[in-house]
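Dear colleague,

Please read them with the model open beside you.

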Amino acid sequence: MSWIVLALAAAAFFVAIWLIVPAPTMTLLPLAVGGPEISPVLLVVALVVAVLAWRTRGRARPVALALAIVAIVLFAIPIAQYPRSAPLSLVNLLAGIDLGQSRLIRDVPLGAPEGVPLTVDIYRPMTSGPHPAIVQIYGGAWQRGIPGADAPFAARLASRGYVVFAIDYRHAPTWKWPAQLDDVRAGLAWVRSHAQEYGADATKLALFGRSAGAQLAAVAGLQDAGVAAVISFYGPVNLTNGWRYPPRPDPIGSRAVLEAFLGGTPDQLPERYREASPITYVSANAPRTLLIYGSRDHIVQPQYGRNLHAALRAAGASSELVEIPWADHAFDALPGGLSGQLSMFHVERFLADVFRP
């Protein structure tokens, strides 16, 4: 029995260690991302293992107890760091966020640039409009993803009175920059021309992107006077520096990803890297911006969010930066997790302020 408890304690410790140690590979990254987000549940599990270890006799007992106690301490860190000013629902943690009620239309044709069919998923409130419009752009290293990604957040926002247009774009490495930006701009044009059909108000428009999608949202939004707000979740900011100073460890191979997207290195294509960097387009006329990053993100390091926030503020633009201390990249992959609930709280508050009557 003591060896079984030791195995359980070792498993709890192994999961917990990635709350403080950066994941060196894509295989381990889900533990670094997901562990903090369900840490209250994992804490309970570790407590049960600790009780079992305490009550077990045998040579494995002290080691099992020590491992379980360390796991308890590590799982408690995100809980202790969660801001008291933001709501936290254990029900949502266990069952997922409350999506409310909305209407979904999938796979609406968006266009076919150079023969590549693109579609948009449209999430609508149950009430008639016009409602503010949110254009949602998925991440995936510019190489993968579908409009149906991040559906829970889109459905939740639709239930709160926004029409969400989850758009598509062509993928690298087959299609290199600026094909993705062209597709986002074409998507924005489509939304503006079709907004009334879906109960949306095209004069009240926000862009919301994650990771690679956040880079596209920021580049497009910072240059579009008709965009009222940009929301960036862990988006790349300075692609030249991202190539020159990759994170350590670097589980996704940042340089290879950027070269596949842009077609070469910064030394070979300096202007292309500059054009694809959101920080290039900072100005006093920038739309209101919400930047949310994880302090433990070692795919898109949080310093880049700080840099963009500082540049926007220095230019006289309105920018809000939220840094989540326990979070890694893709922290909202579990919408009901700690970071999912906290980021949704900030997004809803931000949008309500941007579009308040």
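Helices (H or I, at least four residues) and strands (E, at least two) are DSSP runs, numbered from the N terminus. The model is a predicted one, in which local features need pLDDT of at least 70 and side-chain atom pairs count only at pLDDT 80 or more, while totals for chains, interfaces and linings use all residues. Residues are numbered from 1 along each chain as its sequence is written, and side-chain values use heavy atoms, with hydrogens and water left out.

A search of the whole structure gives 1 cavity of 30 Å³ or more, where a cavity is a set of points, on a 1 Å grid over the protein atoms alone, at which a 1.4 Å probe fits but cannot get out, and lining residues have an atom within 4 Å of a point. The volume, meaning the space filled by probe spheres set on points joined across faces, edges and corners, is about 30 Å³ for the largest cavity. Its lining consists of Ala218, Leu222, Val230, Ser232, Thr289, Leu291 and Leu308, with strand S6 (229–233) and strand S7 (288–294) each supplying at least two residues.

The largest pocket, a pocket being an open set with protein on both sides within 12 Å along at least five of seven lines, has a volume of about 740 Å³. Of the 36 residues that line this pocket, Gly140, Ala141, Ser211, Ile299 and His329 lie nearest its centre.

Lastly, in H7 and H8, Gln180, Leu181, Val184 and Leu188 of H7 meet Leu216, Val219 and Ala220 of H8, contact meaning heavy atoms within 4.5 Å.

Best wishes
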